[in-house]
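Visitor: Could you walk me through this model, with the sequence and structure side by side?
Guide: Gladly, here it is.

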Amino acid sequence: MKDTSRSDDEAATRIETLVVAAGRPPREAGASANVPVELTSTYAADGPVIYARGGNPTWSAFEAALGELERGHALVHPSGMAAITAAFSLAPRGGTVLVTDATYYETGDVLRELETTGTTVVRRHASDTAGFLEALPGADLLWLESPTNPLMDVVDLAPILARARELGVISVVDNTVPTPLLCRPLELGADVVVHSVTKYLSGHSDVILGATVVPDTARGHDLGARLHRYRTLHGAIAGPMEVFLALRGLRTLAVRFERACASTAELTARLEGHPAVARVRYPGFGAMLSIEVAGDAAAAERVCAATRIWLHATSLGAVESQLERRRRHPSEPETVPENLVRLSVGIEHVEDLWADLDRALMAALG
Ligand SMILES: *Cc1c(COP(=O)(O)O)cnc(C)c1O
(Lines give C-alpha, C1' and ligand atoms only; values in the text may rest on other atoms or scores of the structure.)
Protein backbone atom coordinates (compact mmCIF):
# COMPACT_ATOMS: atom_id res chain seq x y z
CA MET A 1 0.00 0.00 0.00
CA LYS A 2 1.16 3.57 -0.64
CA ASP A 3 2.45 5.60 2.29
CA THR A 4 -0.26 7.77 3.70
CA SER A 5 0.59 11.25 4.93
CA ARG A 6 -0.09 12.24 8.50
CA SER A 7 -3.17 14.27 7.59
CA ASP A 8 -4.63 11.24 5.75
CA ASP A 9 -4.14 9.17 8.89
CA GLU A 10 -5.94 11.75 10.99
CA ALA A 11 -8.86 11.94 8.58
CA ALA A 12 -9.08 8.14 8.46
CA THR A 13 -9.55 7.93 12.23
CA ARG A 14 -13.07 9.41 11.86
CA ILE A 15 -15.47 6.55 12.05
CA GLU A 16 -17.62 7.74 9.10
CA THR A 17 -14.50 7.40 6.94
CA LEU A 18 -13.28 4.13 8.45
CA VAL A 19 -16.61 2.49 7.77
CA VAL A 20 -16.04 3.13 4.06
CA ALA A 21 -12.26 2.71 3.87
CA ALA A 22 -11.36 -0.15 6.22
CA GLY A 23 -10.89 -3.73 5.03
CA ARG A 24 -10.15 -2.85 1.37
CA PRO A 25 -7.58 -4.67 -0.78
CA PRO A 26 -4.16 -2.97 -1.11
CA ARG A 27 -4.22 -0.15 -3.70
CA GLU A 28 -2.04 -1.73 -6.34
CA ALA A 29 -2.44 -1.06 -10.06
CA GLY A 30 -5.43 -3.01 -11.34
CA ALA A 31 -6.51 -4.18 -7.88
CA SER A 32 -10.17 -4.78 -7.15
CA ALA A 33 -11.92 -2.14 -5.03
CA ASN A 34 -13.61 -4.90 -3.04
CA VAL A 35 -12.40 -8.18 -1.62
CA PRO A 36 -14.16 -10.89 -3.65
CA VAL A 37 -16.38 -13.68 -2.37
CA GLU A 38 -13.82 -16.44 -2.04
CA LEU A 39 -15.50 -19.80 -2.45
CA THR A 40 -12.98 -22.44 -1.45
CA SER A 41 -12.70 -25.07 1.25
CA THR A 42 -8.95 -25.47 1.11
CA TYR A 43 -5.71 -23.65 0.24
CA ALA A 44 -2.41 -24.75 -1.19
CA ALA A 45 -0.01 -25.74 1.57
CA ASP A 46 2.31 -23.41 3.50
CA GLY A 47 0.17 -20.25 3.36
CA PRO A 48 -1.24 -18.38 6.37
CA VAL A 49 -4.54 -20.30 6.15
CA ILE A 50 -4.64 -23.96 5.09
CA TYR A 51 -8.34 -24.84 5.40
CA ALA A 52 -11.36 -22.53 5.21
CA ARG A 53 -12.94 -23.50 8.53
CA GLY A 54 -10.08 -21.51 10.05
CA GLY A 55 -10.20 -18.43 7.84
CA ASN A 56 -11.22 -16.93 4.51
CA PRO A 57 -10.16 -13.65 2.83
CA THR A 58 -13.79 -12.45 2.62
CA TRP A 59 -14.10 -12.93 6.39
CA SER A 60 -10.75 -11.21 6.90
CA ALA A 61 -11.94 -8.08 5.06
CA PHE A 62 -15.08 -7.83 7.18
CA GLU A 63 -13.13 -8.57 10.35
CA ALA A 64 -10.58 -5.89 9.51
CA ALA A 65 -13.33 -3.31 8.95
CA LEU A 66 -15.32 -4.12 12.09
CA GLY A 67 -12.09 -4.36 14.10
CA GLU A 68 -11.19 -0.80 13.10
CA LEU A 69 -14.66 0.48 14.00
CA GLU A 70 -14.62 -1.14 17.45
CA ARG A 71 -10.86 -0.47 17.94
CA GLY A 72 -9.94 -4.13 18.31
CA HIS A 73 -9.70 -7.48 16.52
CA ALA A 74 -12.93 -8.99 15.19
CA LEU A 75 -14.02 -12.53 14.41
CA VAL A 76 -17.07 -13.22 12.26
CA HIS A 77 -19.59 -15.84 13.46
CA PRO A 78 -22.55 -17.28 11.53
CA SER A 79 -25.13 -15.45 13.68
CA GLY A 80 -25.35 -13.11 16.63
CA MET A 81 -26.31 -16.12 18.75
CA ALA A 82 -23.20 -17.99 17.58
CA ALA A 83 -21.09 -15.02 18.70
CA ILE A 84 -22.98 -14.92 22.01
CA THR A 85 -22.53 -18.63 22.80
CA ALA A 86 -18.85 -18.34 21.84
CA ALA A 87 -18.48 -15.45 24.32
CA PHE A 88 -20.29 -17.37 27.10
CA SER A 89 -17.78 -20.21 26.60
CA LEU A 90 -15.21 -17.88 28.21
CA ALA A 91 -16.96 -18.32 31.59
CA PRO A 92 -15.59 -21.23 33.65
CA ARG A 93 -17.88 -24.23 34.18
CA GLY A 94 -19.79 -23.81 37.44
CA GLY A 95 -18.82 -20.14 37.58
CA THR A 96 -20.88 -17.01 38.21
CA VAL A 97 -22.23 -14.73 35.47
CA LEU A 98 -23.40 -11.22 36.38
CA VAL A 99 -25.88 -9.84 33.86
CA THR A 100 -28.46 -7.11 33.19
CA ASP A 101 -31.90 -8.41 34.21
CA ALA A 102 -33.19 -7.68 30.70
CA THR A 103 -31.24 -9.05 27.73
CA TYR A 104 -31.97 -10.04 24.16
CA TYR A 105 -34.58 -12.75 24.74
CA GLU A 106 -32.54 -15.66 23.39
CA THR A 107 -29.51 -14.53 25.41
CA GLY A 108 -31.93 -14.93 28.35
CA ASP A 109 -32.64 -18.49 27.16
CA VAL A 110 -28.88 -19.23 27.03
CA LEU A 111 -28.55 -17.96 30.62
CA ARG A 112 -31.40 -20.22 31.76
CA GLU A 113 -29.67 -23.18 30.05
CA LEU A 114 -26.40 -22.31 31.82
CA GLU A 115 -28.26 -22.22 35.14
CA THR A 116 -29.46 -25.80 34.63
CA THR A 117 -25.85 -26.96 34.13
CA GLY A 118 -24.36 -25.44 37.27
CA THR A 119 -23.61 -21.81 36.36
CA THR A 120 -24.82 -19.21 38.89
CA VAL A 121 -26.52 -16.26 37.21
CA VAL A 122 -26.78 -13.00 39.17
CA ARG A 123 -29.10 -10.38 37.66
CA ARG A 124 -29.15 -6.64 38.30
CA HIS A 125 -31.38 -3.97 36.81
CA ALA A 126 -29.66 -2.03 34.00
CA SER A 127 -29.69 1.26 35.95
CA ASP A 128 -28.53 -0.31 39.27
CA THR A 129 -24.85 0.68 38.99
CA ALA A 130 -24.26 0.22 42.74
CA GLY A 131 -25.78 -3.27 42.53
CA PHE A 132 -23.37 -4.24 39.72
CA LEU A 133 -20.36 -2.84 41.61
CA GLU A 134 -21.38 -4.72 44.75
CA ALA A 135 -21.90 -8.06 42.90
CA LEU A 136 -18.76 -7.89 40.72
CA PRO A 137 -16.22 -9.36 43.20
CA GLY A 138 -18.11 -12.70 43.15
CA ALA A 139 -18.41 -12.88 39.35
CA ASP A 140 -16.35 -14.70 36.72
CA LEU A 141 -18.01 -13.09 33.72
CA LEU A 142 -19.95 -9.82 33.37
CA TRP A 143 -22.53 -9.53 30.55
CA LEU A 144 -23.97 -6.12 29.67
CA GLU A 145 -26.44 -4.91 27.07
CA SER A 146 -27.28 -1.20 26.79
CA PRO A 147 -29.83 0.11 26.07
CA THR A 148 -31.76 -3.03 27.00
CA ASN A 149 -34.11 -4.43 24.43
CA PRO A 150 -37.09 -3.76 24.44
CA LEU A 151 -37.34 -1.73 27.68
CA MET A 152 -34.62 0.74 26.61
CA ASP A 153 -32.99 1.04 30.04
CA VAL A 154 -29.43 2.37 29.94
CA VAL A 155 -26.41 0.89 31.75
CA ASP A 156 -23.68 3.23 33.03
CA LEU A 157 -20.98 1.18 31.29
CA ALA A 158 -17.81 3.10 32.22
CA PRO A 159 -17.65 2.59 36.03
CA ILE A 160 -18.89 -1.02 35.84
CA LEU A 161 -16.41 -1.99 33.10
CA ALA A 162 -13.56 -0.19 34.94
CA ARG A 163 -14.27 -2.14 38.14
CA ALA A 164 -14.52 -5.45 36.23
CA ARG A 165 -11.13 -4.67 34.70
CA GLU A 166 -9.61 -4.02 38.19
CA LEU A 167 -11.00 -7.31 39.50
CA GLY A 168 -10.01 -9.34 36.42
CA VAL A 169 -13.65 -10.27 35.68
CA ILE A 170 -14.12 -11.05 31.96
CA SER A 171 -16.53 -8.42 30.63
CA VAL A 172 -18.71 -8.77 27.53
CA VAL A 173 -20.94 -6.08 25.99
CA ASP A 174 -23.61 -6.77 23.37
CA ASN A 175 -23.16 -3.63 21.27
CA THR A 176 -25.75 -4.48 18.59
CA VAL A 177 -28.21 -1.69 19.38
CA PRO A 178 -25.91 1.36 19.82
CA THR A 179 -23.42 0.21 17.11
CA PRO A 180 -19.78 1.40 17.26
CA LEU A 181 -20.99 4.79 16.01
CA LEU A 182 -22.52 5.57 19.42
CA CYS A 183 -20.60 3.31 21.80
CA ARG A 184 -17.20 1.61 21.76
CA PRO A 185 -17.10 -0.63 24.84
CA LEU A 186 -13.47 -1.73 24.29
CA GLU A 187 -12.42 1.91 24.85
CA LEU A 188 -14.30 1.77 28.18
CA GLY A 189 -12.38 -1.33 29.27
CA ALA A 190 -14.58 -4.19 28.00
CA ASP A 191 -12.83 -7.47 27.14
CA VAL A 192 -15.22 -8.62 24.42
CA VAL A 193 -17.85 -6.91 22.24
CA VAL A 194 -20.49 -9.08 20.59
CA HIS A 195 -22.68 -8.09 17.65
CA SER A 196 -25.67 -9.36 15.84
CA VAL A 197 -24.29 -8.22 12.46
CA THR A 198 -27.75 -9.14 11.14
CA LYS A 199 -29.01 -5.77 12.42
CA TYR A 200 -27.50 -2.30 11.80
CA LEU A 201 -24.05 -3.41 10.62
CA SER A 202 -25.39 -5.23 7.56
CA GLY A 203 -28.65 -3.30 7.63
CA HIS A 204 -30.73 -4.79 4.80
CA SER A 205 -32.60 -7.78 6.30
CA ASP A 206 -30.76 -10.11 3.95
CA VAL A 207 -28.19 -11.89 6.14
CA ILE A 208 -27.90 -13.53 9.55
CA LEU A 209 -24.40 -12.97 10.91
CA GLY A 210 -22.55 -12.21 14.14
CA ALA A 211 -19.18 -11.05 15.41
CA THR A 212 -16.98 -10.92 18.48
CA VAL A 213 -14.31 -8.24 18.97
CA VAL A 214 -11.45 -8.17 21.50
CA PRO A 215 -8.97 -5.37 22.28
CA ASP A 216 -5.42 -5.22 20.92
CA THR A 217 -3.81 -6.16 24.26
CA ALA A 218 -2.16 -9.34 25.60
CA ARG A 219 -5.39 -10.18 27.47
CA GLY A 220 -7.43 -9.42 24.34
CA HIS A 221 -5.20 -11.66 22.19
CA ASP A 222 -5.63 -14.51 24.69
CA LEU A 223 -9.43 -14.15 24.70
CA GLY A 224 -9.43 -13.77 20.90
CA ALA A 225 -7.44 -17.02 20.54
CA ARG A 226 -9.99 -18.81 22.74
CA LEU A 227 -12.89 -17.45 20.69
CA HIS A 228 -11.15 -18.42 17.45
CA ARG A 229 -10.56 -21.95 18.78
CA TYR A 230 -14.19 -22.20 19.89
CA ARG A 231 -15.35 -21.15 16.41
CA THR A 232 -13.04 -23.66 14.70
CA LEU A 233 -13.82 -26.61 16.99
CA HIS A 234 -17.59 -26.05 17.05
CA GLY A 235 -17.46 -25.61 13.30
CA ALA A 236 -20.15 -22.92 13.26
CA ILE A 237 -18.77 -20.67 10.52
CA ALA A 238 -20.23 -18.05 8.21
CA GLY A 239 -20.67 -18.46 4.46
CA PRO A 240 -18.42 -16.11 2.43
CA MET A 241 -21.44 -14.71 0.52
CA GLU A 242 -23.17 -13.61 3.73
CA VAL A 243 -19.98 -11.92 4.90
CA PHE A 244 -19.59 -10.13 1.57
CA LEU A 245 -23.16 -8.83 1.83
CA ALA A 246 -22.55 -7.70 5.40
CA LEU A 247 -19.43 -5.80 4.38
CA ARG A 248 -21.31 -4.18 1.51
CA GLY A 249 -24.02 -3.15 3.95
CA LEU A 250 -21.50 -1.90 6.50
CA ARG A 251 -20.15 0.66 3.98
CA THR A 252 -23.33 2.76 4.39
CA LEU A 253 -23.74 2.28 8.15
CA ALA A 254 -22.93 5.88 9.06
CA VAL A 255 -25.40 7.50 6.65
CA ARG A 256 -28.13 4.96 7.38
CA PHE A 257 -27.73 5.29 11.11
CA GLU A 258 -27.51 9.10 11.05
CA ARG A 259 -30.83 9.31 9.19
CA ALA A 260 -32.50 6.67 11.37
CA CYS A 261 -31.36 8.34 14.63
CA ALA A 262 -32.60 11.77 13.51
CA SER A 263 -36.00 10.33 12.53
CA THR A 264 -36.21 8.44 15.84
CA ALA A 265 -35.73 11.64 17.83
CA GLU A 266 -38.41 13.39 15.74
CA LEU A 267 -40.91 10.52 16.05
CA THR A 268 -40.29 10.30 19.81
CA ALA A 269 -41.10 13.99 20.24
CA ARG A 270 -44.35 13.57 18.29
CA LEU A 271 -45.36 10.36 20.11
CA GLU A 272 -45.04 11.99 23.55
CA GLY A 273 -48.56 13.11 24.33
CA HIS A 274 -50.18 11.19 21.45
CA PRO A 275 -53.70 10.19 22.59
CA ALA A 276 -53.12 6.51 21.70
CA VAL A 277 -49.74 6.28 23.48
CA ALA A 278 -49.53 5.76 27.27
CA ARG A 279 -45.74 5.83 27.52
CA VAL A 280 -42.73 6.33 25.29
CA ARG A 281 -39.43 4.61 26.12
CA TYR A 282 -36.50 6.21 24.31
CA PRO A 283 -32.96 6.12 25.72
CA GLY A 284 -32.16 9.56 24.24
CA PHE A 285 -29.97 8.17 21.43
CA GLY A 286 -30.06 5.49 18.75
CA ALA A 287 -32.72 4.40 16.29
CA MET A 288 -35.05 2.37 18.50
CA LEU A 289 -37.83 3.19 20.89
CA SER A 290 -40.70 1.36 22.52
CA ILE A 291 -44.21 2.65 23.11
CA GLU A 292 -46.92 1.42 25.42
CA VAL A 293 -50.15 1.70 23.48
CA ALA A 294 -53.09 3.21 25.41
CA GLY A 295 -55.08 -0.04 25.69
CA ASP A 296 -54.41 -3.76 26.00
CA ALA A 297 -52.39 -6.34 24.08
CA ALA A 298 -55.11 -6.53 21.40
CA ALA A 299 -54.91 -2.77 20.81
CA ALA A 300 -51.12 -3.05 20.45
CA GLU A 301 -51.56 -5.91 17.96
CA ARG A 302 -54.04 -3.77 15.99
CA VAL A 303 -51.44 -1.01 15.66
CA CYS A 304 -48.89 -3.50 14.28
CA ALA A 305 -51.42 -4.96 11.85
CA ALA A 306 -52.57 -1.55 10.57
CA THR A 307 -49.31 -0.01 9.33
CA ARG A 308 -48.53 -0.03 5.61
CA ILE A 309 -44.99 1.36 5.53
CA TRP A 310 -43.71 0.01 8.84
CA LEU A 311 -43.11 -3.73 8.48
CA HIS A 312 -44.75 -5.86 11.17
CA ALA A 313 -41.72 -8.05 11.94
CA THR A 314 -39.41 -9.14 14.72
CA SER A 315 -36.06 -7.75 13.66
CA LEU A 316 -34.39 -4.35 13.95
CA GLY A 317 -31.66 -2.23 12.43
CA ALA A 318 -32.73 -2.49 8.80
CA VAL A 319 -33.31 0.16 6.13
CA GLU A 320 -37.05 -0.54 6.42
CA SER A 321 -38.81 0.48 9.63
CA GLN A 322 -40.19 -2.39 11.68
CA LEU A 323 -42.50 -2.74 14.68
CA GLU A 324 -43.68 -5.56 16.89
CA ARG A 325 -45.53 -6.25 20.14
CA ARG A 326 -42.80 -8.07 22.02
CA ARG A 327 -44.95 -10.07 24.44
CA ARG A 328 -46.31 -12.13 21.53
CA HIS A 329 -43.10 -14.17 22.19
CA PRO A 330 -43.57 -16.46 25.21
CA SER A 331 -39.93 -16.12 26.29
CA GLU A 332 -40.21 -12.31 26.65
CA PRO A 333 -40.34 -11.70 30.43
CA GLU A 334 -43.37 -10.32 32.27
CA THR A 335 -41.41 -7.16 33.08
CA VAL A 336 -42.16 -6.20 29.46
CA PRO A 337 -45.69 -4.73 29.40
CA GLU A 338 -48.30 -6.59 27.31
CA ASN A 339 -49.10 -3.41 25.35
CA LEU A 340 -45.47 -2.56 24.53
CA VAL A 341 -44.64 -2.16 20.84
CA ARG A 342 -40.98 -1.93 19.89
CA LEU A 343 -40.12 0.29 16.94
CA SER A 344 -36.95 0.07 14.86
CA VAL A 345 -36.76 3.21 12.74
CA GLY A 346 -35.42 2.84 9.21
CA ILE A 347 -34.40 5.35 6.57
CA GLU A 348 -37.73 6.16 4.88
CA HIS A 349 -38.91 9.80 4.90
CA VAL A 350 -39.84 10.71 8.46
CA GLU A 351 -43.13 12.34 7.40
CA ASP A 352 -44.26 9.11 5.72
CA LEU A 353 -43.28 7.10 8.80
CA TRP A 354 -45.20 9.51 11.01
CA ALA A 355 -48.33 9.57 8.86
CA ASP A 356 -48.43 5.74 8.73
CA LEU A 357 -47.85 5.30 12.46
CA ASP A 358 -50.26 8.06 13.49
CA ARG A 359 -53.00 6.56 11.32
CA ALA A 360 -52.41 3.05 12.74
CA LEU A 361 -52.44 4.38 16.30
CA MET A 362 -55.68 6.35 15.77
CA ALA A 363 -57.30 3.28 14.17
CA ALA A 364 -56.33 1.16 17.19
CA LEU A 365 -57.83 3.76 19.52
CA GLY A 366 -61.11 3.09 17.72
C1 LIG B 1 -30.84 -10.02 17.09
C2 LIG B 1 -30.01 -9.86 18.31
C3 LIG B 1 -29.19 -10.90 18.76
C4 LIG B 1 -29.14 -12.25 18.05
O5 LIG B 1 -28.54 -12.14 16.79
P6 LIG B 1 -28.87 -13.12 15.54
O7 LIG B 1 -28.01 -12.54 14.47
O8 LIG B 1 -30.33 -13.01 15.29
O9 LIG B 1 -28.46 -14.50 15.95
C10 LIG B 1 -28.42 -10.68 19.88
N11 LIG B 1 -28.45 -9.51 20.56
C12 LIG B 1 -29.22 -8.49 20.17
C13 LIG B 1 -29.22 -7.23 20.93
C14 LIG B 1 -30.03 -8.63 19.03
O15 LIG B 1 -30.82 -7.62 18.64
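**Helices on sheets**

Guide: Welcome to a predicted model. Let us begin with α5, which lies across β2, β3 and β4 and runs at about 140° to β3.

Visitor: What are the buried residues of α5?
Guide: What covers them includes helix α4 together with β2 (96-100), β3 (120-124) and β4 (141-145). Buried here means under 20% relative accessible area. The buried residues of α5 are Y105, T107, G108, V110 and L111.

Visitor: How far apart are the end C-alpha atoms of α5?
Guide: The helix has twelve residues, and at 1.5 Å a residue it should span 16 Å.

Visitor: At what angle do the axes of α4 and α5 cross?
Guide: In the contact, M81, I84, T85 and F88 of α4 meet E106, T107, V110, L111 and L114 of α5. By class, that contact has six nonpolar, two polar and one charged residues. The crossing is right-handed. The axes of α4 (residues 80-88) and α5 (residues 105-116) come within 11 Å, and they cross at roughly 35°.

Visitor: Which strands stand at the edges of the seven-stranded open sheet, and why is one side of each left without a neighbour?
Guide: The order of this sheet is β1-β7-β6-β5-β4-β2-β3, with mixed pairing. Each edge strand has a single partner strand, so one side of it is left without a neighbour in the sheet. The strands at the edges are β1 and β3.

Visitor: Which residue in β7 is the bridge partner of V194?
Guide: Strands β6 (residues 192-196) and β7 (residues 210-214) run antiparallel, joined by four bridges. Within β7, the partner of V194 is T212.

Visitor: Which residue in β9 does R281 stand opposite?
Guide: This takes us to an open sheet of five strands, in the order β8-β9-β12-β11-β10. There, β8 and β9 (residues 288-293) pair in the antiparallel sense over four bridges. R281 stands opposite S290.

Visitor: Which elements do the buried residues of α10 pack against?
Guide: Helix α10 covers residues 240-250, and its buried residues are P240, V243, A246, L247, G249 and L250. They pack against α2 (15-21), α3 (57-70), β1 (73-77) and α11 (253-271).

Terms used: Residues numbered from 1 in each chain as written. Predicted model: local features only at pLDDT ≥ 70, side-chain atom pairs only at ≥ 80, totals over all residues. Heavy atoms only, no water. Axes fitted to C-alpha atoms, helices over the stretch in contact; angles between N-to-C directions. Helix = DSSP H or I, 4+ residues; strand = E, 2+ residues; numbered from the N terminus. Left-handed = near helix turned anticlockwise from the far one by under 90°. Contact = heavy atoms within 4.5 Å. Nonpolar A, V, L, I, M, F, W, Y, C, P; charged D, E, K, R; others polar. Buried < 20%, exposed > 50% of the residue type's maximum accessible area, 1.4 Å probe, protein only. Expected span 1.5 Å × (residues − 1). Pairing = 2+ DSSP bridges.
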